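Keep the viewer open as you read.

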Amino acid sequence: MKILVINGPNLNLLGIREPDIYGRRTFADLLALLADVAREENLEVTQFQSNHEGAIVDKIQESLGKIDGIVINPAAYTHTSVAILDALKAVSIPAVEVHISDVDAREPFRQISYPGMYCEKTIKGMGLEGYRQAILYLKQTYGKA
């Protein structure tokens, strides 16, 4: 099973950016976690991070016919991007949304998720562990025997 993990703007600064909200674990820690999960679960997990909305849309579109599931943390684009929502809908690949922080406990504007309107599940407030949970959900739900 092939899973694409997409990370939006500023997630490359994990550990530096607002550690009281996002924790002290770094982007390198996230990449290591993804590699560990891939190895443990015998999955092909690739990661893409961009600070640019169009690059994220392009990556989603490129996944058509190549990827079995998407884990996406759109970061700030969560609350603004109809384009990412439309790309997810267009490719119809099963997707899970992840947020490191508990967005429901933050500012009111963070309660709106456009990409989440397509995603069948949202995992929030679990730190980096949320990525593992999202990957396992996709494997359990869509993995081939």
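Strand S4 is covered on both faces: Ala 95, Glu 97 and His 99 on one side, and Val 96 and Val 98 on the other, are all buried. Buried here means under 20% relative accessible area, with exposed being over 50% and partly exposed in between (1.4 Å probe, protein chains only). Since five of the five residues of S4 (residues 95–99) are buried, the strand is largely enclosed by the rest of the structure. Strands (E, at least two residues) and helices (H or I, at least four) are DSSP runs, numbered from the N terminus.

A word on what you are looking at: this is a predicted model, in which local features need pLDDT of at least 70 and side-chain atom pairs count only at pLDDT 80 or more, while totals for chains, interfaces and linings use all residues. Residues are numbered from 1 along each chain as its sequence is written, and side-chain values use heavy atoms, with hydrogens and water left out.

Now look at the partners of S4. Strand S3 (residues 69–73) pairs with S4 in the parallel sense over three bridges; two strands count as paired if DSSP finds at least two bridges between them. Val 71 has Val 96 as its bridge partner in S4. To get from S3 to S4, the chain crosses through helix H4 (residues 82–91), and this β-α-β crossover is right-handed: with the strands pointing away from the viewer, the path from the first strand over the helix to the second runs clockwise. Strand S5 (residues 121–124) also runs parallel to S4, joined to it by four bridges, and Val 98 finds its bridge partner in S5 at Ile 123.

Stepping back, the chain has five helices and five strands, which follow one another in the pattern β-α-α-β-α-β-α-β-β-α.

What holds the inside together on the nonpolar side? The largest nonpolar core has 24 residues, and those with the most contacts inside it include Leu 14, Val 71 and Tyr 131. Such a core is a set of buried Ala, Val, Leu, Ile, Met, Phe, Trp, Tyr and Cys residues joined through side-chain atoms within 4.5 Å. Strand S1 (2–7), helix H2 (27–41), S4 and helix H5 (129–142) each give two or more residues to this core, and H2 gives the most, with six. Apart from this core lies another, of 17 residues, among them Ile 72, Ile 84, Ala 87 and Val 91.
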